[in-house]
Amino acid sequence: MNLVWAWLADPAHWQGTGGIPARIAEHLLYSALVLVLAAAVAVPLGLWIGHTGRGRVVVVNVVNGMRSVPTLGLLYVSVLVLAPRLRGDWAFLTPAIIVLFLLAMPPILAGAYAGVAEVDPGVRDAARGMGMSGLEVLWGVEIPCALPLIFSGLRSATLQVIATATVAASVSVGGLGRFLIDGLAARDYGQMAGGALLIGLVALAVDGVFALVQRVAVSPGLRPARPLKTHEAIPAS
Amino acid sequence: MTWFLDHLALVGSLLLVHAWLAVVPLLLGLIIAIPLGWLAERNRVLRPILVVGTGLLYTIPSLALFILMPLVLGTGILDPLNVIIALTVYTVALLVRTVVDGLSAVPETVRQAAIAMGIGGARRFFTVELPLAVPVISSGLRVAAVSNVSIVSIAALLGIAQLGSLFTDGFARDFLDPIVVGIVACLVLSVVLDALIIGVTRVLTPWVAARSAA
Amino acid sequence: MITFDKVTKVYPDGTRAVDGLSLDLPTGKITVFVGPSGCGKTTSLRMINRMIEPTSGTIGIDGRPTSSLDPVTLRRGIGYVIQSGGLFAHRTVLENIATVPLLLGWGKAKAYGAARELIERMGLDASLTSKYPAQLSGGQQQRVGVARALAADPPVMLMDEPFSAVDPQVREQLQDEFLRLQAELGKTIVFVTHDIDEATKLGDQVAVLRVGGTLAQLAPPADLLADPVDDFVADFIGRDRGYRALAFVAAPALPIQPEATVELGATREQVAAVAAGAPWVLVVEDGAPVGWVAPERLGATVGRDDLHRGGTVARVGGSLRAALDAALSSPSRRGVLADDDGRLVGTVSATDVLTEIERDETGPPS
């Protein structure tokens with residue numbers, strides 16, 4: 001424990017490009033980039049599938065299938081295949097980002113899909129009966145009602161991405177994972193555990209921010225939100 | 001394929017260790033989650049504490065948790081016990097909510113009927129409530145099993161041998177074959193565990209098949 | 001006999017569910033608790049088997065206060081049926097019914113034997129024995145629920161809206177079966193419903209409760225309909241009380257007139273001959289009345305499609321209500337009367353039934 005505090009308390013570790021604030025910023029930046037990309041694709045796709053009911057089977061199977069693929073293996077395959085074809089700093093970053101993107105998609109897709117698909121058919125019917133068009137129903141009724149589950153999916157994906165971005169340090173990507181991997185190589189347990197502690201805190205903080213945003217964004221009429229059922233949730237790895 | 005055939009024994013032994021590291025936490029987690037879920041289900045004060053509290057553990061990335069385990073357990077960084085305990089924590093985190101969901105889904109009328117017949121306390125839990133919650137608990141267990149298999153492989157970064165070692169070895173040698181074999185072996189293990197859980201659940205819940213056939 | 005003595009239930013949040021309830025529920029009879037929601041009828045029921053503990057007052061069964069008995073032993077000696085059955089989804093029909101006998105240590109052979117007997121007695125097909133509740137219809141589930149409550153042959157049965165969740169036709173069937181069963185078994189039954197018609201149909205006595213859990217009136221159904229104690233009870237009983245009260249008055253010897261009939265399948269000419277100018281002729285099949293037919297609107301023969309089926313058939317010796325209804329619902333205004341086997345006896349006019357009602361010197365029952 002003392003080793004950990006000593007490492008965290010050393011001012012030298014809080015400065016420069018390899019310092020703690022820089023690593024946190026890197027980690028958050030990668031994660032945010034990936035999540036925005038994944039959400040931009042997966043949310044509309046999930047809404048569309050939930051709204052039309054088309055492609056349901058595909059979603060369920062892709063989501064379940066992705067869950068069983070070991071992330072570390074996927075990351076390494078991606079780097080080994082793609083890195084030789086790329087140059088410079090992006091040689092390792094790009095394959096890592098692609099993997100993170102692939103891992104972030106299924107939970108977001110599942111959340112958006114389930115959110116819309118589970119809107120009470122009576123409510124949808126009433127909206128249509130009041131003369132709302134397909135888009136108006138989606139925008140005015142289905143999306144607001146689906147928000148709790150959309151958020152659940154986003155939060156699952158975020159945790160997944162933060163966790164996998166940590167592992168990505170082992171393929172020379174930056175971020176907080178560096179402390180773990182470099183500490184391991186240098187047999188510096190203080191650095192490893194200090195980095196691990198920071199990652200845990202960052203993950204908790206990010207999830208907390210999401211929880212707050214969700215509280216503001218979701219209509220009080222829909223609280224308490226039903227959390228994603230356990231078989232829909234995708235655990236971090 | 002040649003690589004796989006040449007290293008059959010290695011892959012086999014890594015697979016066994018991997019399975020052990022994934023399954024033991026699953027069983028431990030189940031045994032711990034049932035009483036916790038029972039407690040959370042009947043106690044309004046404890047419910048959010050247990051469900052949210054265990055949920056928070058879930059947000060901690062696995063590599064970080066593996067590394068933090070020695071601080072708590074006093075083990076060495078290479079000790080597989082770190083992996084087993086960390087995965088048990090994840091399994092409990094996931095299953096407590098599932099057990100609560102499953103028990104809450106038991107219709108109140110059924111509970112009342114049981115009370116009215118003088119079926120009390122532990123007997124009611126074990127003969128009525130828990131059996132009715134099996135399908136939901138089993139769905140949570142399946143998720144936990146599959147995610148455990150994936151998470152175990154990450155411990156290879158710390159040098160704990162199992163199928164994940166094929167990833168790190170392959171990556172270090174710039175060699176795809178072992179990585180692909182490792183991924184396939186992980187998938188096979190997931191599918192087998194999933195099928196096992198489904199099979200046991202079917203045996204335990206004959207009424208579910210009867211219902212869907214009706 | 002079950003006795004409520006100044007029983008009060010106040011919930012921790014201050015809600016007064018039952019307030020100073022005192023009444024006797026005689027052995028071997030059906031007592032119905034009826035009232036609007038919030039009248040404490042279910043709470044009162046559940047205090048009998050101590051699913052809810054009274055705040056004050058005592059409930060006694062055959063003179064012994066329930067508070068002196070172990071709740072589990074007490075409950076195993078009291079059958080309990082609830083709205084949706086509360087069946088155990090993970091157990092077969094047989095296992096569900098045998099639950100309490102097994103708990104009482106009867107042994108499997110005896111417990112399952114008793115369960116099989118009840119399955120038959122409840123009019124359930126033996127093939128349902130090994131089915132699970134989800135495979136049954138609503139009516140079947142409710143029968144299994146009743147069978148399960150009866151399994152250990154408890155002297156007392158508590159029934160909380162047991163027939164509310166099924167559709168009206170099945171409900172009526174279940175009610176009739178229930179009354180037939182009770183005629184054989186003679187249990188002490190406490191029955192809760194919000195439906196006054198069900199209450200007056202099933203109850204030997206009906207306890208009307210008002211919101212706040214006080215007793216408004218306790219009376220046999222006929223007295224309740226004829227003489228509600230106050231506006232609340234009168235309102236709750238609803239319209240057509242005088243007419244509905246006739247259901248509890250056995251028809252005396254009505255002046256039954258013979259009725260000329262034709263057989264189903266008779267020709268147009270035969271009908272015209274029988275009708276002799278009358279607008280309606282009664283059609284029978286194997287001696288049983290099947291409907292009325294209008295000769296001038298007839299084809300070559302009397303087919304089933306030609307029948308006017310609006311008229312009800314009253315049983316000779318049945319209630320005045322049934323006889324009057326038969327007359328009022330008949331297109332010829334002559335009410336059809338049949339014997340217990342459903343064979344035509346004759347007809348009676350509404351005027352004759354009314355004359356009987358007016359002649360009834362006792363007046364409306366009170």
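**Conventions.** I number residues from 1 along each chain as its sequence is written, and letter chains from A and number ligands from 1 in the order in which they are written. For this predicted model, local features need pLDDT of at least 70, side-chain atom pairs count only at pLDDT 80 or more, totals for chains, interfaces and linings use all residues, and side-chain values use heavy atoms, with hydrogens and water left out.

**Entry 1, chain B helix.** I looked up helix H2 of chain B, residues 8-42. Helices (H or I, at least four residues) and strands (E, at least two) are DSSP runs, numbered from the N terminus. H2(B) has 35 residues and reaches 50 Å from first to last C-alpha, close to the expected 51 Å; the expected span is 1.5 Å times one less than the number of residues. I noted a kink of about 25° at B:Ala33, shortly before the proline B:Pro35. The bend is the angle between axes fitted to the seven residues ending at a residue and the seven starting there.

**Entry 2, four-stranded sheet.** Chain C has an open sheet of 4 strands, ordered E2-E1-E4-E5, with antiparallel pairing. Two strands pair if DSSP finds at least two bridges between them. Strands E2 (16-25) and E5 (64-65) of chain C are at the edges with a single partner each, so one side of each has no neighbour in the sheet. E4(C), residues 56-61, pairs with E5(C) in the antiparallel sense over 2 bridges. C:Ile61 has C:Arg64 in E5(C) as its bridge partner.

E9(C), residues 205-210, and E10(C) pair antiparallel over 5 bridges. C:Arg210 stands opposite C:Thr214 in E10(C).

I checked the contact (heavy atoms within 4.5 Å). Chain B contributes 39 residues and chain A 44 residues. The two chains bury about 3500 Å² between them, 80% of it on carbon and sulfur atoms. Buried area is the accessible area (1.4 Å probe) that two parts lose on being put together, summed over both.
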